[in-house]
Amino acid sequence: MVFLAVSLSFIADNIRENISEQKIARQNLEDFKSDLLQHERRYNIFIDNMQNDQMTYDSIVSIFYKKQENDKLKKLSRLLLIGQKNIVITINTPTYEQLVNSGSMRFIENNDLKRRIGDYRSQVDNFMNWNDRMITTQNNLAGEVGRIVDIHDFWNPRNNSMDYTPDMLPFDLSNEQRRFIISYYQLYKIQLVAAVSAMEQLL
């Protein structure tokens, strides 16, 4: 990604500005370069946060696997509160459309660079579509989780407090329910690991 941004900056600097179409092309290239640099910052923030979140889901799975949910009810309650979120990732690439639709891509004579720009956009689209499917799967399963685990207090207005621990009643799990809960939170872990890997490849 950094290579693409540097290459686009070089090309933009070498487009003459005495013709209107060339001015537009220069601006589109500069805008796309800015998008790439912004994406780099966002990827690094996402990666740092997701690596921390992985530990949350590891702890949740460990507690259920070891059948310690009632012995560590308060800890589990805090972990589940943290882990109840959807992992939404947004990466916008409007300047790519501008590059293509305006014809600015023809000012890039390096065919390999053109291919890499297109490949980057395809990778982003594939990643976003995959992540959306993961969220849909999690949402479809969330109702069953609510029938197994007591989460009545998770949406209390007080939960904005950093030290808030939701009230949670003790519960017993059948073997089937335990396998389901473990698989459900493992799904989040898989999403995080795959997302970190995808973003590291995009960098």
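1. At 0% relative accessibility, Q138 is a buried residue, because buried means under 20% relative accessible area. Q138 belongs to helix α5. The model is a predicted one. Apart from neighbours within four places in sequence, the contacts of Q138 are N86, Y184, L187, Y188 and Q191.

2. Confidence comes next. The mean pLDDT of the chain is 85, and 86% of the residues score at least 70. Among the elements, the lowest mean pLDDT, 58, belongs to helix α1 (residues 2-13). The highest, 94, belongs to helix α6 (residues 175-202). Where pLDDT is low, predicted coordinates should not be read in detail.

3. Read from the N terminus, the order of elements is α-α-α-α-α-α. Of its 203 residues, 43% count as buried. Taking contacts between residues at least 6 apart in sequence, 80% join residues that are at least 24 apart.

4. How do the axes of helix α5 (residues 111-148) and α6 cross? They come within 10 Å of each other, at an angle of roughly 165 degrees. Angles over 145 degrees count as roughly antiparallel, so α5 and α6 are roughly antiparallel to each other. The crossing in which α5 passes α6 is left-handed. The residues of this contact between α5 and α6 comprise 21 nonpolar, six polar and one charged.

5. D125 is also a residue of helix α5.

6. Which residues does S77 touch, leaving aside neighbours within four places in sequence? S77 sits in helix α3 (residues 73-83) and is in contact with F154, T165, P166 and M168. The relative accessibility of S77 is 1%, so S77 counts as buried.

7. Q138 and D125 are placed in helix α5, while S77 is placed in helix α3.

How values were computed. Residues numbered from 1 in each chain as written. Predicted model: local features only at pLDDT ≥ 70, side-chain atom pairs only at ≥ 80, totals over all residues. Heavy atoms only, no water. pLDDT = per-residue confidence, 0-100. Helix = DSSP H or I, 4+ residues; strand = E, 2+ residues; numbered from the N terminus. Axes fitted to C-alpha atoms, helices over the stretch in contact; angles between N-to-C directions. Parallel < 35°, antiparallel > 145°, perpendicular 65-115°, else oblique. Left-handed = near helix turned anticlockwise from the far one by under 90°. Nonpolar A, V, L, I, M, F, W, Y, C, P; charged D, E, K, R; others polar. Buried < 20%, exposed > 50% of the residue type's maximum accessible area, 1.4 Å probe, protein only. Contact = heavy atoms within 4.5 Å.
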